[in-house]
Amino acid sequence: YNTLIVGSSRAESHFAPRIIDSIARLNSYNIGIEGASIPLMLGVFDAYLANSKPPEYVVVHIDIDVVILKTINRFPRYFPYLGNERLFKSLNKIDPRFFWFKYIPFYSQPFMNESYVNSCLRGYFGVKNEFDRSFYKGHAPVYIELKEDLDSVDYPLRSTPVENGTFESLDSIITICKRNKSKMIFVVSPMYYRKLNVL
């Protein structure tokens with residue numbers, strides 16, 4: 001791919017390679033990850049580069065949630081990819097349990113709920129559900145019905161502290177792009193105004 005989209009779930013669901021490629025004549029892939037902080041974004045980006053050529057363009061999506069270091073959302077989905085040493089090191093740095101997930105597989109068994117087992121079986125037998133059919137080049141569209149009264153949506157007021165490691169990880173992404181001569185594009189996608197109250 002000559003274009004890579006990096007970010008959290010907002011990148012994962014907002015950036016559609018099918019549309020981007022058709023308009024800009026690119027070959028893009030979306031590696032946005034649900035719940036990703038910037039350190040996890042760095043880990044996924046670095047893991048991609050372990051087996052792929054550097055892209056010509058790197059689109060980095062920034063929003064107020066990526067500056068918060070947090071637990072890894074839906075972490076069992078990474079279990080099949082722990083052979084990628086770069087990804088493993090990044091995940092293990094955020095959550096030390098990944099050492100046990102990798103080297104003692106039975107340790108991960110209690111975390112494999114029925115949705116992950118269902119995904120495994122669908123993948124093994126090649127059976128696609130509605131989400132699988134809509135998933136394209138990393139883009140995971142979200143089909144939700146908007147409420148008529150959006151003002152009723154409750155976003156709790158909170159401060160957003162920038163945790164340690166955030167700027168260092170962003171600097172690392174920039175350094176990797178410079179080293180590979182990848183052009184960077186920083187994007188902030190639209191956000192419902194009530195969400196902005198957290199600022």
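# Notes on a predicted model

Biologist: Which strands does helix α8 lie across?

Modeller: Helix α8, residues 166–179, lies across β3 and β4. Its direction is at about 145 degrees to β4. Keep in mind that this is a predicted model.

Biologist: And what does α3 lie across?

Modeller: Helix α3, residues 38–49, lies across β1 and β3. The angle between α3 and β1 is about 155 degrees.

Biologist: How do the axes of α3 and α8 cross?

Modeller: The two axes come within 8 Å and cross at roughly 25 degrees. Angles under 35 degrees count as roughly parallel, so α3 is roughly parallel to α8. The crossing of these two helices is left-handed.

Biologist: Which residues in α3 and α8 meet?

Modeller: On the α3 side they are I38, P39, M41, L42, F45, D46 and L49. On the α8 side they are T166, S169, L170, S172, I173, I176 and C177.

Biologist: Let me step back. How many helices and strands does the protein have?

Modeller: There are eight helices and four strands. Along the sequence they follow the pattern β-α-α-β-α-β-α-α-α-α-α-β.

Biologist: In what order do the strands form the sheet?

Modeller: The order is β2-β1-β3-β4, in an open sheet with parallel pairing. At the edges are β2 and β4, each of which pairs on one side only. From one strand to the next, the twist averages 20 degrees.

Biologist: How many bridges join β1 to β2?

Modeller: Three bridges join β1, residues 3–6, to β2, and the two strands run parallel. Within that pair, I5 stands opposite N30 in β2.

Biologist: And how many join β1 to β3?

Modeller: Four bridges do, and β1 and β3 run parallel. Here L4 is opposite V58 in β3.

Biologist: What about β3 to β4, how many bridges there?

Modeller: Five bridges join β3 to β4, which also run parallel. V58 stands opposite M184 in β4.

Biologist: Is β3 mostly covered or mostly open?

Modeller: Mostly covered, as four of the five residues in β3 are buried. Two helices also lie across β3: α3 and α8.

Biologist: Change of topic. Which loop holds R25?

Modeller: R25 is in the loop between α2 and β2. Its phi is positive, about 55 degrees, although R25 is not a glycine.

Biologist: Is R25 buried or exposed?

Modeller: Its relative accessible area is 75%. Exposed means over 50%, so R25 is exposed.

Biologist: What does L26 touch, leaving out residues up to four places away in sequence?

Modeller: N2, T3, I20, D21 and Y57. T3 is 23 residues from L26 along the chain, and their C-alpha atoms are separated by 6.8 Å.

Biologist: Back to phi for a moment. What is the phi of R74?

Modeller: Near 45 degrees, a positive value in a residue other than glycine. R74 is found in the loop between β3 and α4. With 42% relative accessibility, R74 counts as partly exposed.

Biologist: Now F88. Which helix is F88 in?

Modeller: F88 is in α4, which covers residues 85–94. Buried means under 20% relative accessible area, and F88 has 6%, so F88 counts as buried.

Biologist: What does F88 touch, not counting residues up to four places away?

Modeller: L82, F98, F99, K102 and Y103. F98 is ten residues from F88 in sequence, with 7.3 Å from C-alpha to C-alpha.

Biologist: Last topic, the whole chain. What share of the residues is buried?

Modeller: Of the 199 residues in the protein, 40% are buried. The protein exposes about 12,400 Å², of which carbon and sulfur atoms supply 58%.

Biologist: And among contacts between residues at least 6 apart, what share joins residues at least 24 apart in sequence?

Modeller: Of those contacts, 76% join residues at least 24 apart.

Notes: Residues numbered from 1 in each chain as written. Predicted model: local features only at pLDDT ≥ 70, side-chain atom pairs only at ≥ 80, totals over all residues. Heavy atoms only, no water. Buried < 20%, exposed > 50% of the residue type's maximum accessible area, 1.4 Å probe, protein only. Contact = heavy atoms within 4.5 Å. Areas by Shrake-Rupley, 256 points an atom, 1.4 Å probe, with all protein chains shown as cover. Pairing = 2+ DSSP bridges. Axes fitted to C-alpha atoms, helices over the stretch in contact; angles between N-to-C directions. Parallel < 35°, antiparallel > 145°, perpendicular 65-115°, else oblique. Left-handed = near helix turned anticlockwise from the far one by under 90°.
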